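Have the viewer open while you read.

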Amino acid sequence: MAQYRIGQAILSPEQPDFDQMLGSAYNSRLRPICQCVGDPGVPMYIVQINGRFWLKRMPNTGRQHAIGCASWEMPEEFSGRSDLYGSGLTYDEDKIKLRLSFPLSRRGSQAPPAAAKSSTDKPSVQADIKRLTLRSLLHYLWDEAGLTKWPGKSTKRNWAFVNESLTIAADGKTVKQGDLQQYLYLPEPWVKEHREEIAGRRRERFAATSGSDGKNAHQLLLLIAEVKEIKQAGIGFSTVLFHLPDCSFIMDQKLHERLLRHFGREVRMWTGKSPGHIMIAATFSVSPEGSPQFEEVSLMFVSEEWIPYENVYELALIQKLVADKRSFLRLLRYNRPSDAPMPAFLLTDHGNEPVALYVIDAEFSLDDRQVEAAASASKYEYWVWSSRTHAGAVPTLPAPLPPTGTSAATASHRDPLSTQSSISNMPKLSGGSVPPVNQPSAAAANPAETGAHMSLDAGDPLEVGGR
Ligand SMILES: [Zn+2]
């Protein structure tokens, strides 16, 4: 059970007055201390977003938390995110600055671009390897929202949860032009009785971008949503999204062709009716008539639990881990090429350190021995499932092991060298300043919501119950 020290009191998110206590700590400018590794604990901070209070971990402290703590962060070497530190991801005062490889505005007329921008998210352009592509931005927000973590216990997730988690994750992140929040468009969870208000808010949001900024550039919005279908309509394609039954997005023929070319694997899985959800990340413009049109798109498959996967073996492993109530973390590639060996998951309930789970599908370019060699080069325990030799049931996984005594866990997690090594390849981050206590939130996408809320680490909103 998570525990936080706020002033003299030890509080848990399970207690009924936790929201209230968090609100008063925010007002009294008290810093909460996570107790997962005992005293003196790991400092955190409180933010207010959309009228609710949330606990966030401070930059570079993720590895100081215990492996079972919602604020624990994986060893950076495993994630494609580490390749972007110092370039695509840097600290700028108390905000995290994202450098994108795609534009958030378009010059010229409102007419569709003569040639839609490439939808490829593969880092084929050398200069862009160190910037966030649409895919790597989606990966980053998924990680920051805690959607890549599965806590083992039964957890309910739906679009409302995902939407809120992504909104919190986007807070405090900036792009060249300003706050990321100002560009992000996540469809509101659709409620039939409120459909008119919801449509009104959407029209207002779209209308704000359909004008020019005075330099003849039109702002684009960044959509993250679940795709229902893409169907032929007129000379292009119409994309229908869940939670937006009364608004479809135009995709021109060229962009659709590129989509098929670059996401052939995803599209094949789709037509095979893979369970779960198909997420789209896209930039779009809005015509003067109010119709949204895609500029660039990227797709990502997620399981029923909204955990990303790349092939049916990874999906089978997710289903097995969830059914067995295991806690684990999904690792994402970001800009890492698809032929670079990396674990798909980390088991986080096998003692004090993670176990790397590798899944090899038949299309993978390296042979099994090369993957094993890469896996054994790491100091962490690993497990490999090759579908080439064993396509059937998921092989036996390392059994759950409780973490050893708090003191051992504490020592290992407080080791300054281990923290240092995890940040050594991100020079701009290691000197990053610490956010002030009670840093006020920047943009509130939906200020209508008010009232204190169950708090959690914004790096991982999994601890919220009852949603
Ligand atoms: Zn902790």
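What percentage of the 467 residues of the protein count as buried? The answer is 41%. Keep in mind throughout that this is a predicted model.

1. **Overall make-up.** The secondary structure comes to 11 helices and 22 strands. Looking at contacts in the protein with a separation of 6 or more, 68% of them come from residues 24 or more positions apart.

2. **The antiparallel sheet.** Start with the open sheet of five strands, ordered β2-β1-β3-β4-β5, where the pairing is antiparallel. Its edge strands are β2 (9–11) and β5, each of which pairs on one side only.

3. **β4 and its partners.** On one side, β4 pairs with strand β3 (residues 33–34) in the antiparallel sense, over two bridges, and Ile-33 stands opposite Pro-43 in β4. β4 also pairs with β5, again antiparallel, this time over six bridges.

4. **Why is β4 largely enclosed by the rest of the structure?** Seven of its eight residues are buried, so the strand is largely enclosed.

5. **Helix α3.** This helix covers residues 159–170, which makes 12 residues. From first C-alpha to last it reaches 16 Å, close to the 16 Å expected at 1.5 Å a residue. Its buried residues are Val-162, Asn-163, Glu-164, Ser-165, Thr-167, Ile-168, Ala-169 and Ala-170; note that Asn-163 and Glu-164 are on that list. Just after the helix, Gly-172 takes a positive phi of about 80 degrees.

6. **What covers α3?** The cover over the buried residues of α3 includes two strands from the sheet above, β4 (42–49) and β5 (52–57). Also included are helix α2 (134–144) and the strands β10 (173–175) and β12 (184–185).

7. **The nonpolar core.** The largest nonpolar core has 105 residues. Those with the most contacts inside it are Ile-46, Leu-137, Leu-223, Phe-345, Leu-346, Leu-357 and Tyr-358.

8. **The mixed sheet.** Another open sheet of five strands runs in the order β9-β19-β20-β21-β22, and here the pairing is mixed. The edge strands are β9 (149–150) and β22 (382–386), each pairing on one side only. Within this sheet, strand β20 (residues 345–347) and strand β21 (residues 355–360) pair in the antiparallel sense over three bridges. Leu-346, one of the core residues named in point 7, has Ala-356 in β21 as its bridge partner.

9. Helix α8 (residues 368–376) lies across β21 and β22, and runs at about 165 degrees to β22.

Note on methods. Residues are numbered from 1 along each chain as its sequence is written. This is a predicted model: local features need pLDDT of at least 70, side-chain atom pairs count only at pLDDT 80 or more; totals for chains, interfaces and linings use all residues. Helices (H or I, at least four residues) and strands (E, at least two) are DSSP runs, numbered from the N terminus. A residue is buried if 20 or more other C-beta atoms lie within 10 Å of its own, exposed if 12 or fewer, and partly exposed in between; C-beta atoms are placed from the backbone. Two residues are in contact if their C-beta atoms, placed from the backbone, lie within 7 Å. The expected span of a helix is 1.5 Å times one less than its number of residues. Two strands pair if DSSP finds at least two bridges between them. A nonpolar core is a set of buried Ala, Val, Leu, Ile, Met, Phe, Trp, Tyr and Cys residues joined through C-beta atoms within 7 Å. Axes are lines fitted to C-alpha atoms, for helices over the stretch in contact, and angles run from 0 to 180 degrees between N-to-C directions.
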